[in-house]
Amino acid sequence: MHWRITVLALTLTLLGTVDGRPQSAPRIYVSADMEGVAGVVTGEQLGPAGFEYQRFREFMTDEVLAAIEGARAAGAGEILVSDSHGNGQNLLLDRLPPDVQVVRAWPRPLGMMQGIDASFAGVICIGYHTGTTDLEGVRAHTMSSARLTDIRLNGVSQPELGINAAIAGEHGVPVIMVSGDDAIVARARQLLGSVEGATVKWAYGFHSARTLVPAAARELIRTTAEEAVRKLSTFRPFQVQAPVRLEVQFKNYRAAEILSYLSIVERIDAHAIRFTGSDMTEVSKFLQFLGHYEPGIAP
């Protein structure tokens with residue numbers, strides 16, 4: 001029996017397959033947020049203090065699973081998942097396939113795209129939302145709804161999707177699919193051009209929407225992910241010209257004032273600063289510093 005297993009393994013190697021998938025099967029990166037998950041409308045679903053959070057962790061995990069299933073149905077190989085909402089510890093790991101790896105918690109230099117590199121063929125964004133300057137969208141914000149009112153790259157306001165697409169684009173990797181409300185799907189197509197979109201709810205306001213039920217959302221995400229991976233060759237990376245001029249506008253003035261003490265930071269008005277990075281990696285590290293540094297940080 002042992003020799004039969006050895007022969008089978010050798011045959012699969014010669015045929016260029018691993019676990020039944022071609023060795024050349026495209027690697028897919030999945031970045032998962034939560035505001036765009038079907039049914040999410042308020043903070044009650046989004047953090048440990050919310051009465052529905054534990055249930056919606058399951059729904060978030062299910063939507064990621066649906067994307068994985070769809071990508072695999074289209075021939076995807078290795079998949080890396082970034083848990084990119086809140087504390088970065090939302091996905092239920094024991095429900096994910098054993099050959100999937102997960103990026104968790106913060107801080108991380110590339111934020112919601114930690115682990116991306118040129119070996120990936122495409123990015124799938126699950127549970128995404130529009131940005132702070134967008135007029136429509138459930139829970140629309142960019143990085144921090146409490147602290148920031150705008151983030152610009154080379155003078156253009158960007159949602160988190162745009163920042164993340166630019167990080168991936170620096171490595172030559174395109175965003176191929178986005179799921180969330182109708183506002184982010186429309187914004188994704190405006191920003192990226194050709195991208196597959198799975199609309200799982202329709203925004204009525206910042207805290208209200210008409211939504212698919214979880215089972216319908218999962219099926220839509222699965223079929224959309226499959227279609228996106230089948231069309232991999234049609235997508236192009238989103239790239240911003242280097243050096244990258246980052247502008248961040250705060251709700252309050254003191255952050256801008258103190259940051260301007262740094263020689264690498266320019267204060268451009270009472271609430272806004274400018275930082276110029278050599279590339280998106282440097283810009284991402286600066287944004288992560290803004291979001292996570294505090295004097296009493298420990299350990």
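Tutor: Let us begin with F56 and F59, which are both buried (under 20% relative accessible area; exposed is over 50% and partly exposed in between, with a 1.4 Å probe and protein chains only). The two residues lie in helix α2, residues 53-73, three residues apart, which is about one turn of the helix. Helices (H or I, at least four residues) and strands (E, at least two) are DSSP runs numbered from the N terminus.

The model is predicted, so local features need pLDDT of at least 70 and side-chain atom pairs count only at 80 or more, while totals for chains, interfaces and linings use all residues. Residues are numbered from 1 along each chain as its sequence is written, and side-chain values use heavy atoms, with hydrogens and water left out.

Rings of Phe, Tyr and Trp (its six-membered ring) pair if their centres lie within 6.5 Å, with planes under 30 degrees apart counted as stacked, over 60 as edge-to-face and the rest as tilted. The model has four aromatic pairs by this rule. In one of them, the ring centres of Y29 and F120 are 5.7 Å apart and the planes stand at 85°, so this pair is edge-to-face. Because Y29 belongs to strand β3 (residues 27-32) and F120 to strand β6 (residues 120-128), the pair ties together parts that are 91 residues apart in sequence. Y29 and F120 are both buried. Returning to F56 and F59, their ring centres are 4.8 Å apart and their planes are at 85°, so this pair is edge-to-face.

In the same way, the charged end of R210 sits over the ring of W202, at 4.4 Å from its centre.

Opposite Y29 stands V123 in β6. Both strands belong to an open sheet of seven, ordered β5-β4-β3-β6-β9-β10-β11 with mixed pairing; strands pair if DSSP finds at least two bridges between them. At the edges are β5 (101-103) and β11 (208-211), each of which pairs on one side only.

Finally, consider confidence. The mean pLDDT (the predictor's confidence in each residue, from 0 to 100) is 94, and 92% of residues reach 70 or more. Confidence is highest in β3, at 99, and lowest in helix α1 (residues 2-14), at a mean of 42.

Technical notes:
Lys NZ or Arg CZ within 6 Å of the ring centre and 35° of its normal.
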